[in-house]
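Here is a short walk through one protein model.

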Amino acid sequence: VAMRLLLVQRRCADPFVTVSATLNEVILRRYAADRRASADHFPWLARVSPALCLSTELDGPGDNRIDIWRLKRGEESGAKLRLRSLRSGQVLHYEGEQGAERKVRVVLSNGNVVHFEGEQGAE
C-alpha cells in the first residue's frame with residue numbers, strides 16, 4: 001500500500017523527473033488510514049525512510065490494551081495516527097500535529113464508519 005502511494009506521488013509530480021524513494025508525512029498518514037495497513041510493514045517503511053516512519057506501541061491494562069500507531073521522526077515519537085482496541089477491534093483515526101491530534105474517523109468492529117469534524121475535544 002505504501003509503495004503504491006509512493007509510486008502514485010512520483011507519477012503525479014512529473015513523469016520525466018526522478019524522485020528519491022523517500023516517504024513523506026502525507027504518504028505515511030494515508031498508509032495508516034488504509035484498512036490494509038499492517039504493523040508488519042513498519043520495518044520495511046523504516047528501511048525506506050529512516051528519518052520519518054511509523055511506530056507502534058501497546059498501552060493499557062489487561063483486556064483493555066490498545067495498539068497506538070504514531071509518526072516517528074528519527075528516534076522521537078510523534079503524532080498519534082491510529083488507535084485500535086485489541087478487545088473490541090474498534091479503530092480510531094486521528095489527524096493533526098502531536099499534542100493537537102483530533103479524531104476524524106472511527107471504524108467500528110461491525111464495519112460501520114463514523115466521521116468527525118471539529119477541533120480536538122470538540123469533534
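This is a predicted model: local features need pLDDT of at least 70, side-chain atom pairs count only at pLDDT 80 or more; totals for chains, interfaces and linings use all residues.

Arg84 is partly exposed, because its relative accessibility is 30%. Residues are numbered from 1 along each chain as its sequence is written, and side-chain values use heavy atoms, with hydrogens and water left out.

What does the side chain of Arg84 meet in a salt bridge? The partner is Asp67, at 3.7 Å from N to O. A salt bridge here is a side-chain nitrogen of Lys or Arg within 4 Å of a carboxyl oxygen of Asp or Glu. Arg84 sits in strand S3 and Asp67 in strand S2, so the contact ties together parts that are 17 residues apart in sequence. Asp67 counts as buried, because its relative accessibility is 9%.

Arg84 also has a bridge partner in S4, namely Val91. Strand S3 (residues 76-85) and strand S4 (residues 91-95) pair in the antiparallel sense, over three bridges. Two strands pair if DSSP finds at least two bridges between them.

Now step back to the whole fold. The protein has three helices and six strands. Both are DSSP runs, numbered from the N terminus: helices are H or I with at least four residues, strands are E with at least two. From the N terminus on, the order is α-α-α-β-β-β-β-β-β. The six strands form an open sheet, ordered S1-S2-S3-S4-S5-S6, with antiparallel pairing. Strand S1 (52-59) and strand S6 (113-115) are at the edges with a single partner strand each, so one side of each has no neighbour in the sheet. Of the 123 residues in the protein, 31% are buried.

Next come the other charged contacts. Side chains of opposite charge can pair when their charged atoms come close. The whole structure holds six salt bridges. One of them joins Glu25 to Arg29, with the closest N and O atoms 2.9 Å apart. These two residues are four apart in helix H2 (residues 25-33), which means that about one helical turn separates them. Glu25 has a salt bridge with Arg73 too, where the closest N and O atoms are 2.6 Å apart. Arg73 is partly exposed, because its relative accessibility is 42%.

Helix H2 matters for one more feature, the largest pocket. Its volume is about 150 Å³. Among the lining residues are Arg29, Leu81, His93 and Val104. Which elements give two or more residues to this lining? They are H2, S4 and strand S5 (102-107). H2 gives the most, with four residues. By type, the lining divides into five nonpolar, one polar and four charged residues. A pocket is found on a 1 Å grid over the protein atoms alone, as an open set of points where a 1.4 Å probe fits, with protein on both sides within 12 Å along at least five of seven lines; lining residues have an atom within 4 Å of a point. The volume is the space filled by probe spheres set on the points, which are joined across faces, edges and corners. Ala, Val, Leu, Ile, Met, Phe, Trp, Tyr, Cys and Pro count as nonpolar, Asp, Glu, Lys and Arg as charged, and the others, Gly among them, as polar.

Notes:
Buried means under 20% relative accessible area, exposed over 50%, partly exposed in between (1.4 Å probe, protein chains only).
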